[in-house]
Amino acid sequence: MKYIKFFLIGIYFGIVLTKAEVISWFRIQEMFHFQSIHMFGIIGLAVVVGAISVFLIKKFNLKSFGGEDIRLISKEYHKGLLPGGIIFGLGWALTGACPGPMFALVGNGVEVMLVAIVSATAGTFVYGVVKDKLPSYKC
């Protein structure tokens, strides 16, 4: 019962994604074909909101809703991010959805997105299994 707030926030997030047409395959294809600024505007706004949020968290030493410290940990850049980003982008372009909207699409009755969700989950699992066997890409 203590997780009901997250369930409700998830439903609200799905409604916002649907109303903003973020889950629209056509909007995503417009973005990848550079035919519309709609998705670039939404992504840009998300980056700005995220940057402001991180600034405020650091400046005022904000806590989580549970009262815990919010620790922002820097991560090193490594060359493996480039092929990973390309694979992610190809998956996004092929399915017409990134991970968050996949669930909203299922909620909107697009059951074929379950295939993409299962595939993404399997890919994540396989990466976890073979991660230590992959070459190191440290810069």
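Reply: Start at M113 and skip its neighbours within four places in sequence: what's left in contact with M113 is T95, A97, M102, L105 and V106. Contact here means heavy atoms within 4.5 Å. Before going on, note that this is a predicted model, where local features need pLDDT of at least 70 and side-chain atom pairs count only at pLDDT 80 or more, while totals for chains, interfaces and linings use all residues. Residues are numbered from 1 along each chain as its sequence is written, and side-chain values use heavy atoms, with hydrogens and water left out.

M113 and M102 also stand out in the largest nonpolar core: of its 14 residues, these two touch the most other members. Such a core is a set of buried Ala, Val, Leu, Ile, Met, Phe, Trp, Tyr and Cys residues joined through side-chain atoms within 4.5 Å. Buried means under 20% relative accessible area, exposed over 50%, and partly exposed in between (1.4 Å probe, protein chains only). Two or more core residues come from each of α2, α5 (99-107) and α6 (113-130). Those helices are DSSP runs of H or I, at least four residues long, numbered from the N terminus. In soluble globular proteins, nonpolar side chains tend to be buried together.

Now follow α2 (residues 25-32) over to α4 (residues 81-95): their axes come within 9 Å and cross at roughly 130°. That makes α2 oblique to α4. On the α2 side, W25, I28, Q29, M31 and F32 make the contact, and they meet G89, W92, A93 and T95 of α4. T95 is also one of the residues touching M113.

The other partner of α2 to look at is α3 (residues 38-60), which packs against α2 at about 90° with the axes 7 Å apart. The two are therefore roughly perpendicular. Here R27, I28 and M31 of α2 touch H38, M39, F40 and I43 of α3.

About those angles: axes are lines fitted to C-alpha atoms, for helices over the stretch in contact, and angles run from 0 to 180 degrees between N-to-C directions. Under 35 degrees counts as roughly parallel, over 145 as roughly antiparallel, 65 to 115 as roughly perpendicular, and the rest as oblique.

One last stop is the end of α4, which is followed by G96, with a positive phi near 80°.
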